[in-house]
Amino acid sequence: QDLKALRTRSDLRPAYLPWLLRGFTTESLARTDEAGHGTLALRSDAWLSMPLPVPPVEEQDAIATFLDRETAKIDALVAEQEQLTALMREKR
């Protein structure tokens, strides 16, 4: 139970940041340590020292747009498959 607030720099697009962080989940978890009450915590100094790729703003926009679009397609396919599965169960 650890909460961090992030503010983006002027050269880091807010739409790109969530995708960037998802790509570094394993690295982030490797930088946790045990807090005093037995839970894991991500220390700000450990997180701030993590090297993250920050391409030019135009490339960040392109990456975020592409990933948003492709994820939406995948989500639609999953929803369609769930509907088909529900119909098949109903027919059984």
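How many helices and strands make up the secondary structure of the protein? There are four helices and two strands. The model is predicted. Read from the N terminus, the order of elements is α-α-β-β-α-α. The radius of gyration is 19 Å, well over the 12 Å that the globule rule gives for 92 residues, so the protein is more spread out than a compact globule.

**Overall build**

- Along the principal axes, the C-alpha atoms fill a box of roughly 55 × 40 × 20 Å.
- Of the 92 residues, 15% are buried.
- Among contacts with a separation of 6 or more, 56% link residues 24 or more positions apart.

**Surface and charge**

- The protein has an accessible surface of about 7400 Å². Carbon and sulfur atoms account for 57% of that surface.
- The protein carries 12 positive and 15 negative charges.

**Arg-31, in a loop**

- Arg-31 sits in the loop between α2 (25-30) and β1 (32-34).
- Its relative accessible area is 23%, so Arg-31 is partly exposed.
- Beyond residues up to four places away in sequence, Arg-31 touches Ala-41, Leu-42, Ala-46, Ser-49, Met-50 and Pro-51.
- Pro-56 is 25 residues from Arg-31 in sequence, and their C-alpha atoms are 27 Å apart.

**Gln-60, in a helix**

- Gln-60 belongs to helix α4 (residues 57-91).
- Is Gln-60 buried or exposed? Its relative accessible area is 0%, so Gln-60 is buried.
- Neighbours within four places aside, Gln-60 contacts Asp-11, Leu-12, Arg-13, Tyr-16, Val-54 and Pro-55.

**Salt bridges**

- Side chains of opposite charge can pair when their charged atoms come close.
- The whole structure holds four salt bridges.
- One of them joins Arg-9 and Asp-11, at 2.8 Å from N to O. Asp-11 is partly exposed, with a relative accessible area of 33%.
- Another links Asp-61 and Arg-13, at 2.9 Å from N to O. Asp-61 lies in helix α4 and Arg-13 in the segment before α1 (17-23), so the pair ties together parts that are 48 residues apart in sequence.
- Both partners are partly exposed: Asp-61 has 31% relative accessibility, and Arg-13 has 33%.
- Glu-70 and Lys-73 also meet in a salt bridge, at 3.2 Å from N to O. Both lie in helix α4, three residues apart, or about one turn of the helix.
- Glu-70 is partly exposed at 25%, and Lys-73 is partly exposed at 45%. Salt bridges with shared partners join Arg-69, Glu-70 and Lys-73 into one network.

Methods: Residues are numbered from 1 along each chain as its sequence is written. This is a predicted model: local features need pLDDT of at least 70, side-chain atom pairs count only at pLDDT 80 or more; totals for chains, interfaces and linings use all residues. Side-chain values use heavy atoms; hydrogens and water are left out. The radius of gyration is taken over C-alpha atoms; the globule rule is 2.2 Å times the number of residues to the power 0.38. Buried means under 20% relative accessible area, exposed over 50%, partly exposed in between (1.4 Å probe, protein chains only). Contact means heavy atoms within 4.5 Å. Accessible areas come from the Shrake-Rupley method with a 1.4 Å probe; for residues, only the protein chains shown count as cover. Lys and Arg count as positive and Asp and Glu as negative; His and the chain ends are not counted. The place of a charge is taken as NZ of Lys, CZ of Arg, CG of Asp or CD of Glu. A salt bridge is a side-chain nitrogen of Lys or Arg within 4 Å of a carboxyl oxygen of Asp or Glu.
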